[in-house]
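Please read it alongside the sequence and the model shown here.

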Amino acid sequence: MTDTDRLLDPATRLARALGAHDAASHGVVPGIHPATTFLRGGDLTYPAGYSYARPFNPTFDPAERLLADLEGAAEALLFASGMTAATTLFQTLSPGDHVVAPKVMYWGLRHWLRAHAAQWGWSVDFVDMTDTGATAAAIRPGKTRIVWAETPANPTWDVTDLAATARLAREAGALFAVDNTVPTPLLTRPIDFGADVVMHSATKYLNGHSDVLMGVLAVRDTALPAWERVRAIRAAQGGMPGPFEAWLLLRGMRTLAVRLERGCANAMAIARHFAADPRVTVLYPGLPGHPGHGIAARQMTGGFGAMLSLRINAGAQAAIDTAARLKVWTRATSIGGVESLVEHRASVEGPDSPCPPDMLRLSCGIEAADDLIDDLDRALP
Ligand SMILES: *Cc1c(COP(=O)(O)O)cnc(C)c1O
């Protein structure tokens, strides 16, 4: 980071990519480095610090620096996917260790935790993390090694009090890790509230164009013992993106501030429009009636996110029929792209899903709000 960037708003730091450029050509866009191996000096050193592309690739550097800067982290690492990032952190656990995770969280990770915890000899308790007392009761001091949170949590947008949960984790000697995919560091910086590790699916808002699969871990302090293991696991297992994808991520992030601002405004406009509509129940932490609104207002700045869900009061089949009638909204999984997506989550997540069968998840893109609202208005029963 240049001294100039230190004083600038995150939106400016993003647009500038912290001043990253191509040192060899002085191009204003940093280069892509496809090399898998790097010249070694006659004295057996590596003059630029790179030896082989599995541990490190120079194309990652500007994206990792920008992510660490935005999160207020000491260091950030790119991974091949959000799931690779998250599971790498859990791979630092040993048999006998205990994890506390939320009941409402990204379903793919919940499934993975369920499947692998027993196989690898550690245990997981899933709790209602909107209730700090429930989290406190689940933590086993000396045995709980990771407390995992996600807020607002996909797909019902439950809100967790990060500062209170961080205190509980610290008192018990556990690492506090937060999936920050939905708010992005522009709306919430979990490290400011006491988190040790921040995880992202960069597939979503950070890249923002539904065309790159990637993940991120960022750490408060590189001296944390788990971080040494995280770095070693990535280097040894090779769960990182290719240089072309890493380059695309940096390009995508440069527009994050404007994309997210528009997405948040669209979500708020939709939430307000349908708040009093008897056909639906709106789940959005930006509405004062949402049970997590007060905490969200404290720990989110600049918006309540671009995600919301609608429960269709006529029931599950009416929800499926509503999605089928939409023309502007695209029926697809995933979130965080420039195009608005709608999904009936319960049919994807299966029988152990905490999401109600009458619920549609909406990922607001950057289209005009009126087009999105009119499409929903026409499609609802
Ligand atoms: C998509 C997603 C993930 C998983 O990330 P991938 O990049 O798909 O592996 C994790 N958490 C949240 C909140 C997500 O939306």
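## The interface between domain 1 and domain 2

Across the interface of domain 1 and domain 2 in this predicted model, 16 residue pairs, both at pLDDT 80 or more, are in polar contact, meaning a pair of N or O atoms within 3.5 Å where, within protein, one must be able to donate a hydrogen and the other to accept it, and where residues adjacent in sequence count only if both atoms are side-chain atoms. Local features need pLDDT of at least 70 and side-chain atom pairs count only at pLDDT 80 or more, while totals for chains, interfaces and linings use all residues. Residues are numbered from 1 along each chain as its sequence is written, and side-chain values use heavy atoms, with hydrogens and water left out.

**Layout**
- The chain is divided into domain 1 (3-253) and domain 2 (256-379), with bounds from an automatic or database domain assignment.
- Their C-alpha centres lie 26 Å apart, and the contact (heavy atoms within 4.5 Å) takes 35 residues from domain 1 and 40 residues from domain 2.

**Buried area**
- About 3000 Å² is buried between the domains, 61% of it from carbon and sulfur atoms, where buried area is the accessible area (1.4 Å probe) that two parts lose on being put together, summed over both.
- In domain 1, Trp157, Leu187 and Tyr205 lose the most area to domain 2, together 26% of what that side buries.

**Salt bridges**
- Three salt bridges are counted between domain 1 and domain 2, each a side-chain nitrogen of Lys or Arg within 4 Å of a carboxyl oxygen of Asp or Glu.
- Glu349 and Arg110 join their side chains in a salt bridge at 3.6 Å, N to O.
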